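Below is a short note on the salt bridges of this model. Please read the points alongside the coordinates.

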Amino acid sequence: MDNSQLQISIKKNFPVVSFIGNCKAEGIDGICARLQELAVTGHKKFVFDFSACKLINSPAMGEILEAILLIDRDFEGHVVVCGLDSLKETLFSISGIIPIAQPAPDVIAALELIENIDD
């Protein structure tokens, strides 16, 4: 699923989910199904990159939280979130995404962090 608000690529053998522009639930619809497909094929560690994301509306926050919980609970995987500005970092902390997902400053740091997480 690659659309204007969501792109999934593989870097260093880890899925990197990039959120782009103004994220709305309809723009990232289907994220859980796509992540589940990746998890079933063996991917348990994911990077969620918000560096190109300007705004996230409330329904999209719900979708993001649901996706992180899917990976964390259903597949016993790990998510590292990166590219958060101070507003998003606060929002992710208040909503409970952090500490379920670990924060990192950028994709390079996130990939390094996720490589060192034990399964």
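Buried means under 20% relative accessible area, exposed over 50%, and partly exposed in between, computed with a 1.4 Å probe on protein chains only. The model is predicted, so local features need pLDDT of at least 70 and side-chain atom pairs count only at pLDDT 80 or more, while totals for chains, interfaces and linings use all residues. Residues are numbered from 1 along each chain as its sequence is written, and side-chain values use heavy atoms, with hydrogens and water left out.

1. Three salt bridges are counted, each defined as a side-chain nitrogen of Lys or Arg within 4 Å of a carboxyl oxygen of Asp or Glu.

2. Lys-88 pairs with Asp-85, with 3.0 Å between the closest N and O atoms. Lys-88 is buried at 5% relative accessibility, whereas Asp-85 is partly exposed at 33%.

3. Arg-34 and Glu-37 form a salt bridge with a closest N to O distance of 3.5 Å. Both belong to helix α1 (residues 31-40); they are three residues apart and therefore separated by about one helical turn. Helices (H or I, at least four residues) and strands (E, at least two) are DSSP runs numbered from the N terminus. Arg-34 is partly exposed, at 25%, and Glu-37 is partly exposed too, at 48%.

4. Lys-12 meets Glu-115 in a salt bridge at 3.9 Å, N to O. This pair links distant parts of the chain, 103 residues apart: Lys-12 sits in the loop between β1 (6-11) and β2 (14-23), and Glu-115 in helix α5 (residues 107-115). Lys-12 is exposed, with a relative accessible area of 53%, while Glu-115 is partly exposed at 39%.
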